[in-house]
Amino acid sequence: MALSQRLDLRQAQTLVMTPQLQQAIKLLQLSNVELSEFVDREIEQNPLLERDDGDRPAAEAAESRPEPDVDPREAEAAAMPPDGRTRDTVEMTSSETMGSASDAPLDTDFENDYADDRFSDGADGSTDVYGQWNERGGRGFEDDDGNFEARLSGDKSLRDHLIEQLNVDLPDPADRLIGLALIDTLDEAGWLSTDLEALAEQLGTTPEHVERVLAAVQRFDPPGIFARSLKECLAIQLREKNRLDPAMAAMLDNLELLAARNLNALMKVCGVDAEDISDMLAEIRKLNPKPALAFDHTPAQLVTPDILMRANPGGGWLIDLNPDTLPRVLVNQRYFSRVSGTAKSKADKEYITERFHSANWLVKSLHQRATTILKVATEIVRQQDAFFIHGVSHLRPLILRDIAEAIGMHESTVSRVTTNKFMATPRGVFELKYFFTSAIQGADGGAAHSAEAVRHRIKVMIDAEPADDVLSDDKIVEILQKEGIDIARRTVAKYREAMRIPSSVQRRRAKMSRM
């Protein structure tokens, strides 16, 4: 085969990810906390960027707005209001009267009424989602400071509590050193998480010395601290109450029978009758298998919703972007004009120009991000209208493709938008991902059902079952199939285990023991 050289002309299409496009995509998937940190870093690095505090004169604010050279493809989603801010409110009506998503833009107001009063069961027109959110420690339209952490008192930590007892009960400095090392190895439940021989080798002492110190610190408050297993944790607490008799010790040696609620086998092992085993079980229930949690004063991290949803008194839903999670940044045009006119060198001019374009792009990216979140949230509310009116039993199957096709975006964009974004609704605060559930086919070709709704139905049935008629997985399948849900027994078992619900045998034993 002969080798030769020749010239060819070919045409090809490639997608180039510019730094600006990469930044816009990155902003979409950031949570409100991550977005705030990102904007703070940009303001530190870019002298032309500044925060909009809302108190500046109109003339000065006008000079700080970005140049109106928005790409038409970006402006297609929503028009910028006259004051240069992102439109952050949408008025929704019922899904039956709004038509398809392609008939009208999703970030504009809609005028319509519900035909009947469908806001019952906690979703009436008087429901104030912002008031509910403020009661949880968040911030709404009021100027109430919802700083939950600032209202916390300085509670004593578990480590400080144990060190105080250590300094009093162990006079030997070597013992106190070992005790301090043991304190530092406790896990969140208050159990030891290290091997004693390894700790003895690390401290240069014998395992017997560590064992003696361990026996001393196991008498500390709270009872059950420094245990190495569940059995030891319960035994320490029973010994503290002087209730560790041979029968109770036999029960602790057979905790697997206790977990399985096999009361007949427990009575035989412990050598007691039904009345005694009932009393022993009552004592076990009063014990704390995780004693360190009594000192867990770490405040729960409150979720700040990105979207606020409430019922419109005139009918439909009002969907707002939370103003507290929207960074307000402006480009200082006055400062740019001053420094660009005084720049002498080419490098200075290029730097100022690059910073100016970067600042403008960030402002436009933030606007596009807010608009996209509002579009996706609006379509989710449209698709899951029955859920907000009637509850989780009416949650419909939904996938990313459904939303993407309705609003004319790619699935990856919808996936990024729904990541770490939360919406406050009359039924609680939900992550946007919650509304996307797989479908379970209906029986005899009927309508599909949401997997989340089916899980909820299974839990409701199990909670309502009497002790003398506990539902087996097969019985649950039979009931669901009569309700038009085509589901397999293994699927019911999987959903039940995911909700941490015991089997029918274990539930029957537990309910009979409480009778």
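Q: This is a predicted model, so let's start with helix α11: which of its residues are buried?
A: In α11, residues 230–240, the buried ones are E232, C233, L234, A235, I236, Q237 and L238. To get that label, a residue has to come in under 20% relative accessible area.

Q: What covers the buried residues of α11?
A: The cover includes α12 (246–252), α13 (255–259) and α15 (274–285). Just past the end of α11, N242 takes a positive phi of about 60°.

Q: Which residues of α14 and α15 meet?
A: From α14 it's L263, L266, M267 and C270, and from α15 it's A274, I277, M280 and L281. That contact divides into eight nonpolar residues, no polar and no charged ones.

Q: Why is F226 called buried?
A: Its relative accessible area is 0%, and the label needs a value under 20%, so F226 qualifies. F226 sits in the loop between α10 and α11.

Q: What is the phi of F226?
A: F226 has a positive phi of about 70°, although it is not a glycine. As a rule, most residues other than glycine have a negative phi.

Q: Why is N420 called partly exposed?
A: N420 has a relative accessible area of 33%. Buried would need under 20% and exposed over 50%, so 33% lands in between. N420 lies in the loop between α20 and β6, and has a positive phi near 60°.

Q: How do you know that β3 and β4 pair?
A: Two strands pair if there are at least two bridges between them, and β3 (residues 307–311) and β4 (residues 317–321) have five, in the antiparallel sense. A311 stands opposite W317 in β4. The two strands form a hairpin with five residues between them, and G315 in the turn has a positive phi of about 110°.

Q: What joins β3 to β6?
A: Two bridges do, and these strands run parallel. At least two is what pairing asks for, so they count as paired. L308 has A424 as its bridge partner in β6. As for cover, four of the five residues of β3 are buried.

Q: Which residues touch the most other members of the largest nonpolar core?
A: I307, F388, I403, M423 and F435 do, in a core of 31 residues. α17 (346–383) gives the most to this core, with seven residues.

Q: Which residues is F435 in contact with, leaving aside neighbours within four places in sequence?
A: The partners are I380, Q384, F387, F388, L395, L398, M423 and F430. There's also a second, separate core of 24 residues that includes L158, L162, L186 and F226.

Q: How many helices and strands does the chain have?
A: The secondary structure comes to 24 helices and nine strands. Of the chain's 515 residues, 43% count as buried.

Note on methods. Residues numbered from 1 in each chain as written. Predicted model: local features only at pLDDT ≥ 70, side-chain atom pairs only at ≥ 80, totals over all residues. Heavy atoms only, no water. Buried < 20%, exposed > 50% of the residue type's maximum accessible area, 1.4 Å probe, protein only. Contact = heavy atoms within 4.5 Å. Nonpolar A, V, L, I, M, F, W, Y, C, P; charged D, E, K, R; others polar. Core = buried A, V, L, I, M, F, W, Y, C linked by side-chain atoms within 4.5 Å.
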